[in-house]
Amino acid sequence: MIQEEQKNEHREWTELNMGPQHPSTHGVLRLKVKLDGETVKEVEPIIGYLHRNAEKICELDYYCDSLIYFDRMDYVAAMNMEVGYLEAAEKLLNIPPPERAQWIRVIMAELGRIAAHLVWAGAFGLDLGMLSPFFYCFVQREKILRIFTEICGSRQETNYMSIGGVYQDINENIIYMIEEFTKEFPDKLEEIFNAFVKNDIFMSRNKGIGILEPDVAIQYAVTGPMLRASGIEYDVRKAEPYLVYDKLNFDIPVSYKKDNLARFLVRFEEMRQSVRIVKQAIKKIPDGPYFNPKAKKSLMIRLRGEGEVYARTESPKGEFGVYLVGDGGVKPYRVRVRSPSLRNLSVIRHLGKDVLIADLIAISGTIDLVFGEVDR
Amino acid sequence: MDVLTRLAHFFAPLTHYVAYILAYLFESIFLVIFVTIVLVFMIYLFRKYMARVQLRIGPNRVGKFGLLQLMADGLKLAGKESILPKGRDDLPFRIAPLIVFIGLVMSFAILPYGDFYWIGSLTITHSNVSVILLFAAIAIMPIGEILAGVSSRNKYAILGALRGVAKDVSFEVPMMISVIALVMMASARTSEPLNLSDLVSSQIIPFGIPEVIGLLVFFISMIARASYSPFDMGESDSELVSGHSTEYSGMRFGMFYMGLFGSIFLSSMMVSLLYLGGYNGPFSSDAGFVYLLIKTVVLVLIAFTVWLSVPRIRIDRFVNMGWKYLLPISIINLIIAGIITLGVGL
Amino acid sequence: MVEVLEETTGKDGRKVLKVAKENLLALLSDLKDNGFTHLSLITGIDRKSKLEVVYHLHNLTKNEYVVVKTETLDERVPSATGLFKSADWDEREQYDLMGIVFEGHPNLKRLFLPDSWVGHPLRKNYDLSKVQYINMDENGDDYATFDPGDGW
């Protein structure tokens, strides 16, 4: 008996470096994994391979120029990142966007959320070894990107919004495109949804795997769909409404199952709610200026801000916060970004204990990592 | 008259033994060419089919309808540098892909193919125990995979090889039990039930109809043997990068790739031979090979569809499934086969 | 009750509590007991003469937000890892980029940059014209070299 214990103590664990070049680490995540056979005993995520220090770059730029670095943080949901930055910047500079611009931003942010979740769903399928749903998701996403292209000429890194409004007004053609999309997308979404959940193997791979207790989630400052899948009904859009979210009617999807499947279901329900928001917003969108005349485009570099502002928005990954400190100059004194993926990733140290390798991959898939945002 | 005898007649001026040796040699070369062509065709078909399922177009640039895409890919693979990792175990690392490929070709050499109009029977091996030979030949391929995994000195490769072993152990017992059931059923009609040709020709109705359970068990086992999704735990690309073939590149990797696609074709052919009546068909017996090919392609497409639509099963669940479900089911199937055989015998 | 130096409301309408470095942990644990269980963000601000550390805390049930500020002259701040697990990576990030040493942190290593990086980039006196390269020697250890040119 004693001998056996000693043997176990001295048993060597295999150390495996998954990544930074690995097919399922969504970019450049490196997981230092200690294995006992197939069982993962310890996970240590090592990040920083995509670090560009966007915070410093933003400090060196004018307020309006920093926007493109936010586009490149969560590069699959650039619109949401822009909303997040402008929430803070406009409060600091006292340039509120006009009503119409706010509605446009809500529409774009929700379309961006759908696009980001579609990317996630497809990549999650690939993690589990499902090849086809990836393409179904990307075909739908491409429709959203086509709308973005029509609006601003760019697919992913849109750089569409700017301080004081949006860069261009949306015309009838774009409204028609968005309406068409919201009409046909729900059916396609159900198709994709069924491709996942009507599969027994998919369900057995996700049910009861990677259980994240709500108190642990709060301890690790997890936000977004992951927190809601742990049974905490919390969404910045409801808790601290920004833009015109208080005038819109939508629900916060919550699941009390806490596992991988819960996170999957919450994200799909979020897409349905986003469609609902877009449908309402496209009807309610008022006429008027789309740009605050206070922030003339040519005068933008002279915008000066003073004070400290922390603005939170709900990005597809979670609570995206921007903390801006101005000292009265034309450049921000300090920019600090609260990236949700970073906090969500840190919880893998807790979730990845005593699971199989296959489950570790599934768990890291449900976290929804985008490395532009984790490393910044 | 089969091809082998005709070749032997062609070389008849030489002595009997030399003629037969030459005949076997030429038919083997013919077979290798045939296997390669079939594989190229299958890979093309698979890529087109996969593209259609995934709302894509698929290969369409090289040649008409992209038919020559595989040629281009093969040339590219042949022209690529085959990188040898530093910590490898040299000899096993080099011969592992060869073992996989030779195992594949050997298995194809043992299968009976039926008649094909004026060409005649394409079968090479005429043995009384070809069923046993066949299962011995397909058991060679995992050896190559395990060798590759262990000799690469790569943790992913070793994990892949370990998974492969665990997988093989858990499905091969039920697979062999369902084959025993077949042999039992065939023994009621023929004196040589271990001869594949006799086993096939004794299927007046395909064995798959009285032995649906056996067919299912065998087909699942064969998909697992070919390590196709959902049973591709061994080379699961999202977990273990590429399993045992992680460190391979160039033509050596190409051999593993051919082994992967070849074994699904081989598996489907075996299922159609053993359970679906093989080259027996409703009309002309000259077209036996065509019947076999049609049955095989249908099975391959079923396997492809499964691959495209399901996620990977977890290794522990698969081992569970093998021992707790497949094994008892295959034993039940054996009992059913026994009852049927007795009934036929009476 | 912990002595709060100053209580103001920020430009964005959030309550800001200024506290001395010595009382920081006591205030944080007080707040944690009052439901502020969600440590959202730790920010270091280089005020040239001193370093400011800002904690954003959040009460999820009551939906309240509070900002705790403290200052340090010697780059040292007590670590909040004992109270909040999310402080772990946040503090490592601030140590990495800002050079704030969190005393009592169990694993205070750089989070993003390589271990052998010289300097802390978010400091105002960080020399951007000096380009650094991280190299690996034969044993696999990193070391930094500098570009003699102008940089960017």
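**Notebook: domains, cores and an interface**

I began with chain C, where the centres of domain 1 and domain 2, taken over C-alpha atoms, are 29 Å apart. The bounds come from an automatic or database domain assignment, which gives domain 1 as 6–112 and domain 2 as 118–152 of chain C.

A note on conventions: this is a predicted model, in which local features need pLDDT of at least 70 and side-chain atom pairs count only at pLDDT 80 or more, while totals for chains, interfaces and linings use all residues. Residues are numbered from 1 along each chain as its sequence is written, chains are lettered from A and ligands numbered from 1 in the order in which they are written, and side-chain values use heavy atoms, with hydrogens and water left out.

**Between the domains of chain C**

I looked up the buried area (accessible area, 1.4 Å probe, that two parts lose on being put together, summed over both). For domain 1 and domain 2 of chain C it is about 750 Å², with carbon and sulfur atoms giving 52%. On the domain 1 side, Asp46(C), Leu97(C) and Met98(C) lose the most area to domain 2, together 56% of what that side buries.

Next I checked for salt bridges (a side-chain nitrogen of Lys or Arg within 4 Å of a carboxyl oxygen of Asp or Glu). I found a count of 1 between these domains. I also noted that Glu75(C) forms a salt bridge with Arg123(C), with the closest N and O atoms 2.8 Å apart.

**Chain B against chain A**

Here I counted contacts (heavy atoms within 4.5 Å): 26 residues of chain B touch 33 residues of chain A. The buried area is about 2400 Å², and carbon and sulfur atoms give 60% of it. I found 2 salt bridges between chain B and chain A. Asp359(A) and Arg314(B) meet through their side chains in a salt bridge at 2.7 Å, N to O.

**Nonpolar cores**

A nonpolar core is a set of buried (under 20% relative accessible area, 1.4 Å probe, protein chains only) Ala, Val, Leu, Ile, Met, Phe, Trp, Tyr and Cys residues joined through side-chain atoms within 4.5 Å. The largest one I looked up has 155 residues, and Phe70(A), Phe264(A) and Tyr55(C) are among those with the most contacts inside it. I then saw a second, separate core of 86 residues, including Phe135(B) and Phe219(B).

I finished on Phe70(A): leaving aside neighbours within four places in sequence, its contacts include Cys58(A), Met81(A), Tyr85(A) and Phe320(A).

Methods
Buried < 20%, exposed > 50% of the residue type's maximum accessible area, 1.4 Å probe, protein only.
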